[in-house]
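I wanted to see how it starts, what it touches and how it ends.

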Amino acid sequence: MYNFKRLEDLTFTDDFMFSQVMKNKEICKEVVETILGIKVGRIEFLTSQYEIEIDPEAKTIAMDVYLRDEKKIINVELQNGHRLELPKRSRYYQAAADIDNTSPGELYSEMKDNYVIFICTFDPFLQGKAFYKFENICRNEEKPLRLNDGTYKIFLNTAAEDLTLLDPELKLFYDYIRRGTADSTLTEKINSSITELKEDRETRRKYMTYTTRMAEAKSEAREEGFIQGAYQKAVETAKSMKLENMPISMIAHFTGLSIEEIEKL
């Protein structure tokens with residue numbers, strides 16, 4: 001029912017290949033440094049599809065790429081489809097990462113700086129800018145007064161037409177995302193990693209597992225949607241029948257709803 005690309009056809013902008021390539025510490029470090037323009041220290045932890053469950057009753061998240069060094073927590077997300085909730089999603093991801101990395105006895109002053117990076121293949125804010133960086137600032141000051149809480153949200157618009165303000169290395173990274181042209185040391189490393197992964201048997205097995213799980217998740221979501229849609233239709237039918245003063249027993253028979261559900265309408 002679902003068409004997935006062959007492993008041979010995947011590129012860096014496909015979720016599976018992106019997460020596999022970024023597991024390479026050297027590549028991941030260079031990508032992050034190119035985007036942020038700062039050095040990343042010795043990576044203490046690096047993983048992909050990292051799940052954080054703050055509380056059994058809270059929303060669980062799975063981060064595409066998640067790493068930390070001595071002073072920083074960094075989450076890198078690849079985003080191909082435009083979603084209006086990205087700003088609040090970035091807020092939730094940062095909060096979850098802070099909770100995941102802060103021990104009960106730790107001082108607030110010891111908290112690591114927290115970066116969330118969204119690599120978007122579209123303009124997330126429709127402003128035409130190639131690079132959006134957000135910090136918390138005081139708005140009622142003539143000069144920006146930074147909160148200095150160590151949180152940063154970065155959104156890359158790799159579809160931007162004007163890249164003149166970008167650092168040359170970052171511009172070449174954008175070109176690679178857009179056209180697949182490997183014209184820098186970093187993008188050549190990414191290309192080489194992709195070639196190796198496509199020839200690796202274990203990666204092929206992982207991709208088969210990935211596509212199977214994705215198909216199952218889509219089927220479950222579709223089935224749930226059908227169920228919700230059918231229920232809503234039954235409710236609307238029951239409301240119409242009640243307006244016609246039809247007996248509740250007859251409404252229950254035709255809609256499949258219980259008498260208790262119908263009485264509540």
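The expected span of a helix is 1.5 Å times one less than its number of residues. I keep that rule at hand for the first entry. I also note that this model is predicted.

**Entry 1: the helix itself.** I looked up α4, residues 168-179. I find twelve residues in α4. From first C-alpha to last, α4 reaches 16 Å, close to the 16 Å expected.

**Entry 2: the start.** Which residue caps the N-terminal end of α4? I find Asp 167 there, with a side-chain oxygen 3.0 Å from the backbone nitrogen of Glu 169. Asp 167 sits in the loop between β8 and α4. Is Asp 167 buried, exposed or partly exposed? I note it as partly exposed, because its relative accessibility is 44% and that class runs between 20% and 50%. I also checked Asp 167 against Ile 119: they are 48 residues apart in sequence and 16 Å apart in space, C-alpha to C-alpha.

**Entry 3: the buried residues.** Which residues of α4 are buried? My list reads Leu 170, Phe 173, Tyr 174, Asp 175, Tyr 176 and Ile 177. I then looked for what covers them. The cover includes two helices, α2 and α5. It also includes the strands β4 (113-120), β5 (131-134) and β8 (151-157).

**Entry 4: the contact with α2.** Helix α2 spans residues 25-36. Its axis and that of α4 come within 8 Å and cross at roughly 115 degrees. I record the crossing as left-handed. From α2, I see Val 31, Thr 34 and Ile 35. They meet Glu 169, Leu 170 and Phe 173 of α4. I sorted the residues of this contact by class: four are nonpolar, one is polar and one is charged.

**Entry 5: the contact with α5.** Helix α5 covers residues 185-198. It packs with α4 at an angle of about 35 degrees, and the axes are 9 Å apart. On the α4 side I find Leu 172, Phe 173 and Tyr 176. On the α5 side I find Leu 186, Thr 187, Ile 190, Asn 191 and Ile 194. How many residues of each class make this contact? I get six nonpolar, two polar and no charged residues.

**Entry 6: the end.** What follows α4? I find Gly 180, with a positive phi near 75 degrees.

Terms used: Residues are numbered from 1 along each chain as its sequence is written. This is a predicted model: local features need pLDDT of at least 70, side-chain atom pairs count only at pLDDT 80 or more; totals for chains, interfaces and linings use all residues. Side-chain values use heavy atoms; hydrogens and water are left out. Axes are lines fitted to C-alpha atoms, for helices over the stretch in contact, and angles run from 0 to 180 degrees between N-to-C directions. Helices (H or I, at least four residues) and strands (E, at least two) are DSSP runs, numbered from the N terminus. A crossing is left-handed if the near helix is turned anticlockwise from the far one by less than a right angle, and right-handed if clockwise. Contact means heavy atoms within 4.5 Å. Ala, Val, Leu, Ile, Met, Phe, Trp, Tyr, Cys and Pro count as nonpolar, Asp, Glu, Lys and Arg as charged, and the others, Gly among them, as polar. Buried means under 20% relative accessible area, exposed over 50%, partly exposed in between (1.4 Å probe, protein chains only). A polar contact is a pair of N or O atoms within 3.5 Å; within protein, one must be able to donate a hydrogen and the other to accept it, and residues adjacent in sequence count only if both atoms are side-chain atoms.
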